[in-house]
Structure formats: structure tokens, C-alpha cells
Amino acid sequence: MSLSLPKGLIVSCQARADNPLHGPQFMGAMALAARDGGASGLRANGPEDIRAVVAAGLPVIGIHKVFSDDYPVYITPNFEAATAIVEAGAGIVALDCTPRPRDGEKPETLIRRIREELGAEVFADVSTFEEGLAAADWGATYVATTLSGYTAYTEPKPEEPDLRLVETLAARLSVPVVAEGRYNTPELVRQAFDTGAHAVVVGTMITNPREITRTFVRQGLPTR
Ligand SMILES: CC(=O)N[C@H](C=O)[C@@H](O)[C@H](O)[C@H](O)COP(=O)(O)O
């Protein structure tokens, strides 16, 4: 079966509402810049931003973050959220595949429905080895280490990415494993490929100038 996500660097173009770069105009421009810089795919949040980044002509991993006070799962927690991003043009739907409570169907049901009813590929965001195995068993097209360090049982998040999780999943699974989360330098990206990643997703260090600025300022430089 041919995969729509090629090997290579995937650039995540996301900016929350409190970020000065929030909105489809800025995320669309980020996507063009990433494409021109050599990215082989994009990740974006919500129908509006997805519509804007699709114009760059690269494969798009869509997510739909839905935050609630009642549930810890926020990355594409239900079928309605998945439907909206496929309608916006994402060919790949990423969703939280941890067993945590959510406002929606279980991940195994969501994976099946997204593939069968929406005809999209599924990108499973997981935080542990066991979750990665389960997601592949349920039919995920890709398994990604996105949530390592971000679930209660994998916190506190270290500064470094979870290369070990990439390595163990890649050694076991026949579906492509994607490295995501805190790949903040080209050297770390190279290490992820060396340990068996099919692709590596980089967000903050490419598309979030506010955080990039903070990393410089934190070095103890005089600020103003
Ligand atoms: C945990 C979670 O909600 N991760 C989100 C998933 O879409 C994004 O906020 C991250 O920016 C993305 O995973 C890329 O990671 P990094 O920005 O570290 O390169």
C-alpha cells in the first residue's frame, strides 16, 4: 500500500490563540516557507489553518485540538473533529491514541471509522511503547511519539526527545514510526532517522518565533 507521508522532515505549523502568529494567514505563510525550505509534509491544527496550509501542496497531517475541563485528551478526541479536518483537506488525521478518558469514541473505534468512513490515513499520537503497539494493531497507518512526556504517567517531560521510544517502536512495528516532540536541533533530527524514524515532525523550533526568542533570552543575555 502506498503511503501519502514521504520520508523526511515534517514541519508543524501551529500557533495558539495567545500567539501573535495565530491564524490561517500566518500559518499558510509558514507552510510555504517550510515547503520552500525542503519540508516533505506539514502538520496543522483546525479546519481554518488546514485549509490555508493545504495550498502549499504538501501532504498534510491534520489535527483538531478540542480543550475541555473534563477530559485530558485534546488532540482530535472524536469523530466530528476528525470529519471537520478531512473536509478541510487533510489526507492524514492525527489523534491521541492513549487510553485516557475523552469526549468521544475509544481510539480503536475512531481509527476504524476514520479509515473506513472518511478514507483518510491515521496518525496515532502515543506516549508509550504499549500504546504504540496497540495503535498499530487497531490499524493506524503511522505511529508517532508525540505525547511522550505529555501524559501524567510519562511526565515530567525531559528537555530531550524520547529517542528510545522511536527506536523500540521502529524495531517492533511494520508501520512507519514518526518521531515528534522536542526535536529542537538538526542533530536530534538526524539521530531520530538513525534510530529508525520514517519521518520527524518539528514544530516549535521552526514555526514559533516567540519560543525561539525565549530560548535565546534564557541564555542569560541582557534583555533590554
Ligand atoms: C503535546 C502536544 O500537544 N503536541 C502538539 C501536537 O500537535 C504540538 O503542540 C507540538 O508543537 C508538536 O507536537 C511538535 O512538537 P515540538 O513543538 O516539540 O517540535
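Guide: Start with the ligand: 14 residues surround it, and the closest are S12, Y150, R182, G203 and T204. Keep in mind that this is a predicted model.

Visitor: How do the residues of the shell divide into nonpolar, polar and charged?

Guide: The shell has 6 nonpolar, 6 polar and 2 charged residues. Arg counts as charged and Tyr as nonpolar, while Gly is placed among the polar ones.

Visitor: Why is R182 called buried?

Guide: The cut-off is 20 or more other C-beta atoms within 10 Å. R182 has 20 such atoms within 10 Å, so R182 is buried. R182 lies in the loop between β7 and α7, and its phi is positive, about 70°, although R182 is not a glycine.

Visitor: Where does T76 lie, and how do you know that T76 is buried?

Guide: T76 is in the loop between β3 and α3. The threshold is 20 or more, and T76 has 30 other C-beta atoms within 10 Å, so T76 is buried. T76 also has a positive phi, about 45°, without being a glycine.

Visitor: What is the arrangement of the 8 strands?

Guide: The strands close into a barrel in the order β1-β2-β3-β4-β5-β6-β7-β8, with parallel pairing. From one strand to the next the twist averages 25°.

Visitor: How do you know that β7 and β8 pair?

Guide: Pairing needs at least two bridges. Strand β7 (residues 177-180) and strand β8 (residues 199-202) have 3 bridges and pair in the parallel sense. Within this pair, A179 stands opposite V200 in β8. Helix α7 (residues 186-194) lies across β1, β7 and β8, and runs at about 150° to β8.

Visitor: What joins strand β3 to β4?

Guide: There are 2 bridges between strand β3 (residues 60-63) and β4, which run parallel. At least two are required, and 2 bridges meet that requirement. I61 of this pair stands opposite I92 in β4.

Visitor: What makes a crossover right-handed?

Guide: Look with the strands pointing away from you: the path from the first strand over the helix to the second must run clockwise. The unit of β4, helix α4 (residues 107-118) and β5 is right-handed too. The strands of that unit, β4 and β5 (residues 121-125), run parallel and are joined by 5 bridges, with A94 opposite F123 in β5.

Visitor: Why is strand β4 described as largely enclosed?

Guide: In β4 (residues 92-96), 5 of the 5 residues are buried, so the strand is largely enclosed by the rest of the structure. I92, A94 and D96 point one way, V93 and L95 the other, and all are buried.

Visitor: What makes both faces of β3 count as covered?

Guide: On one side V60 and G62 are buried, and on the other I61 and I63 are buried. Strand β2 (residues 41-45) pairs with β3 in the parallel sense over 4 bridges, and G62 is the bridge partner of A44. The chain goes from β2 to β3 through α2, and this crossover is right-handed.

Visitor: Why is α2 called mostly covered?

Guide: Of its 8 residues, 6 are buried: P47, D49, I50, A52, V53 and V54. These buried residues pack against β1, α1, β2, β3 and α3.

Visitor: Why does D49 count as buried?

Guide: The cut-off is 20 or more, and D49 has 28 C-beta neighbours inside 10 Å, so D49 counts as buried. Leaving aside neighbours within four places in sequence, D49 is in contact with C13, P24, M27 and A44. D49 and M27 are 22 residues apart in sequence, yet 6.3 Å apart in space, C-alpha to C-alpha.

Visitor: Which peptide bond is cis, with omega near 0°?

Guide: The bond from E155 to P156 is cis. P156 lies in the loop between β6 and α6.

Note on methods:
Residues numbered from 1 in each chain as written. Predicted model: local features only at pLDDT ≥ 70, side-chain atom pairs only at ≥ 80, totals over all residues. Near = placed C-beta within 6 Å. Buried ≥ 20, exposed ≤ 12 C-beta atoms within 10 Å, placed from the backbone. Axes fitted to C-alpha atoms, helices over the stretch in contact; angles between N-to-C directions. Contact = placed C-beta atoms within 7 Å.
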